[in-house]
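Visitor: I would like to learn how to read a few packing features in a model. Could you take me through them one by one?

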Amino acid sequence: METAVKAGRPVWQNASGPQLRSSERSQKPGDPPAARIPTAIVYCEGNFARVDGKTANGLVRHSHAYRILSVIDSHHAGGDSGQILDGALNHIPVFGDLEAAVTHEAAIPDTLIYGMAPSDGKLSADDRRVVLVAVSLGMNIVSGLHEYLGDDPEIASAAKSRNVSLRDIRKPRNSKDMRLFDGSVANVKAIRIAVLGTDCAIGKRTTATLLARELNAQGIKTVLVGTGQTGLMQGAKYGVAMDAVPPQFCCGELEGAIVAASEGEQPDVILIEGQGALSHPAFCTSAFILRGSQPDAVILQHAPKRAHRCDFPNMAMPDPGDEIALIEAFADTKVIGVTLNHEGMTEEEITAAIKDHAGTLDLPVSDALSRPAAHLAELVLSAYPQLRPVNIAAAL
């Protein structure tokens, strides 16, 4: 276990490579300590498979950095998290409380991850008690809240006494160490594609993750730059929590992550995870992402059945055509495709929505979760055919 109480920091400064997902690799007897992926329980009381549980939702779908053992949510106790979230078993169980989750394991798990993203970004009294119990058990804590656990005297003292770490993902570096935008992103040779959306918590990170995985599977070297707490928890090698950075440095910090990804990996494509929505008055991160990444192209994520913005019942969702026009007016870029979030939709409705949006917007449209990953990659390949791997046999 780590022995210091750590603050979060931009991942692009970390030279270590990403680890494999829990479903792809597990610790074996005799493995050297460096090969072991930390185990984690994800706390998501009352919010799993809901919008505010997006961190937990993302972690059970994909995690390089932690081997996810279980989820805590008494509303779904006894269920399988994959079945609850996506209708497919993933064998990561859901328990009603921390005691049940810990008792299920042969040894105390390494980490408790706070798996929620409440709109106020703060820890509730009940959640705080769970964190303190986990610390008393010797578990490290990972949090993406705007309220930093390392600054809480009681939690910090408890962590120090138990010799465990507190990792505040959203705690930025000192401003003296932050980077201003300098235009060096223009020298990046990789095609830069930002995955933006018409609302927050709409699936941008999931789409970007699946797209990166599929492009790499097709032999197109792709790196995903994370811009939010969940992506960094999942193990993104490059990125920064944009909404925790002072505005003066947002563009420069993101530019630095992209330049580091370019220099460190020499990829064909760099995907940039979006945040919020450019048209959303409560968020400014999309503007910084467009300015800092200077993307060659944008993929837009939209939820056709979502009636209003998350946490804003009196604020109607924008039309995707209007969002596209705004993005292309705001930045020197082009929207090359649309991906759908099929929340609340039947299979027939998904098929109809894909067809209708493709016709109305005159763009390729897919659904990242309900359609083959190859369809998702085609959004990129149709815009950039030079990326298609050369079929040597066909060329002879």
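Guide: We will go through ring contacts, cores, a helix pair and backbone angles. Keep in mind that this is a predicted model.

Visitor: Let us begin with rings. How many aromatic pairs does a search of the whole structure find?

Guide: The search finds one aromatic pair. Planes under 30 degrees apart count as stacked, over 60 as edge-to-face, and the rest as tilted. Here the ring centres of Tyr 43 and Tyr 114 are 6.1 Å apart and the planes meet at 40 degrees, so the pair is tilted.

Visitor: Which parts of the chain does the pair tie together?

Guide: Tyr 43 belongs to strand β2 (residues 39-43), and Tyr 114 to strand β5 (residues 111-114). The pair therefore links parts 71 residues apart in sequence.

Visitor: Is Tyr 43 buried or exposed? And Tyr 114, buried or exposed?

Guide: Buried means under 20% relative accessible area. Tyr 43 has 6%, so it counts as buried. Tyr 114 is buried too, with 5%.

Visitor: What lies over the face of Phe 330?

Guide: Arg 291 does, at 4.0 Å from the ring centre.

Visitor: Now the cores. How many residues has the largest nonpolar core?

Guide: The largest nonpolar core has 47 residues. Among those with the most contacts inside it are Ile 41, Val 71, Leu 112 and Ile 141. Helix α4 (residues 125-136) gives the most to this core, with five residues. There is also a second, separate core of 42 residues. It includes Met 178, Ala 190, Tyr 238 and Ala 257.

Visitor: On to helices. At what angle do the axes of α8 and α9 cross?

Guide: Helix α8 (residues 247-265) and helix α9 (residues 285-293) have axes that cross at roughly 50 degrees. The axes come within 8 Å. Angles under 35 degrees count as roughly parallel, and 65 to 115 as roughly perpendicular. α8 and α9 are therefore oblique to each other. The crossing of α8 past α9 is right-handed.

Visitor: Last, the backbone. Where does Gln 294 lie?

Guide: Gln 294 is in the loop between α9 and β12 (297-302). Its phi is positive, about 45 degrees, although it is not a glycine. Gln 294 is partly exposed, with a relative accessible area of 38%.

Visitor: And what is the phi of Asp 362?

Guide: Asp 362 has a positive phi of about 55 degrees, and it is not a glycine. Asp 362 sits in the loop between α11 (347-361) and β16 (365-367). With a relative accessible area of 68%, Asp 362 is exposed.

Note on methods:
Residues are numbered from 1 along each chain as its sequence is written. This is a predicted model: local features need pLDDT of at least 70, side-chain atom pairs count only at pLDDT 80 or more; totals for chains, interfaces and linings use all residues. Side-chain values use heavy atoms; hydrogens and water are left out. Rings of Phe, Tyr and Trp (its six-membered ring) pair if their centres lie within 6.5 Å; planes under 30 degrees apart count as stacked, over 60 as edge-to-face and the rest as tilted. Helices (H or I, at least four residues) and strands (E, at least two) are DSSP runs, numbered from the N terminus. Buried means under 20% relative accessible area, exposed over 50%, partly exposed in between (1.4 Å probe, protein chains only). A charge sits over a ring if NZ of Lys or CZ of Arg is within 6 Å of the ring centre and within 35 degrees of the ring normal. A nonpolar core is a set of buried Ala, Val, Leu, Ile, Met, Phe, Trp, Tyr and Cys residues joined through side-chain atoms within 4.5 Å. Axes are lines fitted to C-alpha atoms, for helices over the stretch in contact, and angles run from 0 to 180 degrees between N-to-C directions. Angles under 35 degrees count as roughly parallel, over 145 as roughly antiparallel, 65 to 115 as roughly perpendicular and the rest as oblique. A crossing is left-handed if the near helix is turned anticlockwise from the far one by less than a right angle, and right-handed if clockwise.
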